[in-house]
Amino acid sequence: MDNEKKRSASFSKGLLQSGELYQYVLETNVYPREPELLKELRDMTATHPRAIMATAPDAGQLIAMLLKLINAKRTIEVGVFTGYSLLLTALTIPEDGKIVAIDMNREAYEIGLPVIRKAGVENKIEFIESEALPVLDQLLEDPGNENGFDFAFIDADKINYWKYHERLMKLVKVGGIVVYDNTLWAGSVAMPEECTPEILREGRQRTLEFNKLLAGDPLVEISLAPLGDGITICRRMH
């Protein structure tokens, strides 16, 4: 992929006022500190027809910092795609850390699997090919999993975000963090419905509903960061 295409692909994940400004953030702050294997996986994913689904590298940088700040060891990931955020998490948590990674599409996960193996972190990952709700419910059947996770990252079907949240508030410990991706939905949350492109409308409505529920949830304190397509960081308080 040439530089111009890379620039376009990068900006498609950003919400800043110009492509040049987003590129400045990436080139001065993100890319110089991005581990080489993450860069390799990002470049591989850039040629995928659904590359837009990948975690934005600037959002990934913040996620890595959050994992370190809370000394996360056990994590959950709902929505894996080719594994950029999964590899990032596996590289960040300690050697005996574990990630429960859930996705319905193993084929996409296997695109990034050679890089995960090259990084020597496959042993930290339990990949489950499934819809997420049954897996989360199964985890809750084991009392040892309640309050047993430090961190969760959700980048999946927006229609189920609140259902995931309800379950994660039992699985993630008090003081733990849950991060939800795409909570600005390409900026459409601030658009009048009639001005929203048809392809974004259903997701926009789901995102508006979820954001409203999250803002009113007394169990968490939240911060919506305009990184990538918007990420909402929730810290469980009770």
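N71 is exposed, at 64% relative accessible area. Here, buried means under 20% relative accessible area, exposed over 50%, and partly exposed in between, with a 1.4 Å probe and protein chains only. The model is predicted, so local features need pLDDT of at least 70 and side-chain atom pairs pLDDT 80 or more, while totals for chains, interfaces and linings use all residues. Residues are numbered from 1 along each chain as its sequence is written, and side-chain values use heavy atoms, without hydrogens and water.

N71 sits in the loop between α4 (57-69) and β1 (74-78). Helices (H or I, at least four residues) and strands (E, at least two) are DSSP runs, numbered from the N terminus. The phi of N71 is positive, at about 55 degrees, although N71 is not a glycine. Most residues other than glycine have a negative phi. N147 also has a positive phi, near 60 degrees, and is not a glycine. N147 lies in the loop between α7 (132-141) and β4 (149-154). N147 is partly exposed, at 37% relative accessibility.

Helix α3 spans residues 36-45, and its residues L38, L41, R42 and T45 are buried. Seen down the axis of α3, the buried residues fall within an arc of 100 degrees, so they line one face of the helix. The arc is that of the directions from the helix axis to the C-beta atoms. An α-helix has 3.6 residues a turn, so residues three or four places apart point the same way. The buried residues of α3 pack against α4, α5 (84-92) and α6 (106-118). Contact here means heavy atoms within 4.5 Å.

I154 belongs to strand β4. I154 is buried, with a relative accessible area of 0%. Not counting residues up to four places away in sequence, I154 touches V78, Y161, Y164, L168, V178, V179, Y180 and D181. I154 and I76 are 78 residues apart along the chain, and their C-alpha atoms are separated by 8.3 Å.

The cysteines were also examined. A disulfide is a covalent bond between the sulfur atoms of two cysteines. The rule applied is a pair of cysteine sulfur atoms within 2.5 Å. By this rule, the count is 0 disulfides. C195 is exposed, at 51% relative accessibility. C234 is buried, with a relative accessible area of 1%.
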